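Student: I would like to learn how to read a protein model, feature by feature. Could you take me through one slowly?

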Amino acid sequence: MSALDWFAHKPLGGGIYWIQERFYESGNRANIWLVRGSQRDVVIDTGLGLRSLPDYLHSAGLLRPGGGPGEAEGGDRRPLLAVATHVHFDHAGGLHQFDEVAVHSAEAGALLRGDNYETVTWLSDSEVVRPPSPGWSARQFRVQPVQPTHVLQEGDVINLGDRQLTVMHMPGHSRGSICLHDRDRKILFSGDVVYDGSMIDWLPYSKISDYVTTCERLIELVDRGLVEKACLHLDYECR
Ligand SMILES: [Zn+2]
């Protein structure tokens with residue numbers, strides 16, 4: 001099976017694309033977001049990483065060619081940064097496929113170690129309805145160690161050229177959970193901080209008191225009119 005078969009995508013408008021791993025049928029399946037900017041594109045979360053997400057993005061024509069400063073006209077690929085909203089396996093498994101990887105400082109060590117306790121790696125054969133390769137077994141699956149190229153903190157701004165994503169440290173579900181806020185467009189990429197369904201606050205590095213504070217920040221964002229759409233975990237629509 002090629003990478004082209006493994007994923008599906010849908011343009012949501014405004015330079016945002018929803019991407020899904022088609023054959024991972026599980027309530028844990030995380031959405032993958034591609035956000036395109038005038039200077040740089042960003043992938044928010046990367047799925048399990050069973051097939052190459054970068055290959056898919058290029059094969060499906062989702063990435064524009066280079067041509068930015070220092071690049072030959074129509075030449076090299078544009079900068080592509082993979083940002084993990086947190087290191088749980090369903091979001092961080094594909095990070096190793098990218099040259100540039102960003103994660104919050106609180107989980108950078110877990111990613112560097114390939115700490116499959118903190119990444120909460122749990123995958124069964126029945127959830128992967130088409131094996132990515134002959135003889136593949138879920139027991140082999142691990143989040144691979146990755147050296148982050150960008151270690152994020154609260155308030156950092158990821159500059160895509162014509163859009164900026166502000167990092168909000170929102171611990172509770174995990175200690176390094178972040179949301180990415182496009183202030184100009186009032187869009188929040190929320191990772192597992194908020195989604196359809198009951199909130200998960202009982203994982204190894206979950207902390208309920210932090211989650212309460214995080215929820216208060218979320219409510220304030222909405223009350224102040226700073227967020228009108230959220231790109232969530234389970235529901236692929238930005239809404
Ligand atoms: Zn999670």
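Predicted model: local features only at pLDDT ≥ 70, side-chain atom pairs only at ≥ 80, totals over all residues.

Student: Let me begin with sheets: what is the order of the strands in the open sheet of 7 strands?

Tutor: Strands of a sheet pair through backbone hydrogen bonds, either parallel or antiparallel. The labels come from DSSP runs numbered from the N terminus, helices being H or I runs of at least four residues and strands being E runs of at least two, and two strands pair if DSSP finds at least two bridges between them. Here the order is S1-S2-S3-S4-S5-S6-S7, and the pairing is mixed. Strand S1 (7–13) and S7 are the edge strands, each of which pairs on one side only. From one strand to the next the twist averages 20°, where axes are lines fitted to C-alpha atoms, for helices over the stretch in contact, and angles run from 0 to 180 degrees between N-to-C directions.

Student: Which strands of this sheet are joined in the antiparallel sense, and by how many bridges?

Tutor: Strand S2 (residues 16–21) and strand S3 (residues 32–36) run antiparallel and are joined by 4 bridges, with Leu-34 in S3 as the bridge partner of Tyr-17. By contrast, S5 and S6 run parallel, joined by 3 bridges, and S6 also pairs with S7 in the parallel sense over 3 bridges.

Student: Is S6 mostly covered or mostly open, and how many of its residues are buried?

Tutor: S6 is mostly covered, since 4 of its 5 residues are buried, where buried means under 20% relative accessible area, exposed over 50%, and partly exposed in between (1.4 Å probe, protein chains only).

Student: Which residues of helix H4 are buried?

Tutor: An α-helix has 3.6 residues a turn, so residues three or four places apart point the same way. In helix H4 (residues 105–113), the buried residues are Glu-107, Ala-108, Ala-110 and Leu-111. Strand S6 (100–104) and strand S7 (150–152) are among the elements that cover them, contact meaning heavy atoms within 4.5 Å. Just after H4, Gly-114 takes a positive phi of about 65°.

Student: What is the order of the strands in the open sheet of 5 strands?

Tutor: That sheet has the order S8-S9-S10-S11-S12, again with mixed pairing. Its edge strands, each pairing on one side only, are strand S8 (157–159) and strand S12 (229–231), and its twist averages 25° from one strand to the next. H5 packs on this sheet, touching S9, S10 and S11, and the direction of H5 makes about 145° with that of S9. Within the sheet, strand S9 (residues 164–169) and strand S10 (residues 178–182) run antiparallel, joined by 4 bridges, and His-169 stands opposite Ile-178 in S10.

Student: Which protein donors does the zinc ion have?

Tutor: Donors are N, O and S atoms within 2.8 Å of the metal (3.2 Å for Na, K and Ca), and water is not among the atoms, so sites may look incomplete. The protein donors here are His-86 (NE2), His-88 (ND1), His-173 (NE2) and Asp-192 (OD), which lie 2.1 to 2.2 Å from the zinc ion. His-88 lies in the loop between strand S5 (80–83) and helix H3 (89–92), and Asp-192 lies in the loop between S11 and H5, so this pair ties together parts that are 104 residues apart in sequence. His-88 is buried, with a relative accessible area of 5%, and Asp-192 is buried, also with a relative accessible area of 5%.

Student: Where is Ser-190 found, and is Ser-190 buried or exposed?

Tutor: Ser-190 is found in the loop between strand S11 (187–189) and helix H5 (208–223), and Ser-190 counts as buried because its relative accessibility is 0%. Leaving aside neighbours within four places in sequence, Ser-190 is in contact with Ile-178, Cys-179, Cys-231 and Leu-232.

Student: Is Arg-139 buried or exposed?

Tutor: Arg-139, in the loop between H4 and S7, counts as exposed because its relative accessibility is 70%.

Definitions and conventions. Residues numbered from 1 in each chain as written. Heavy atoms only, no water.
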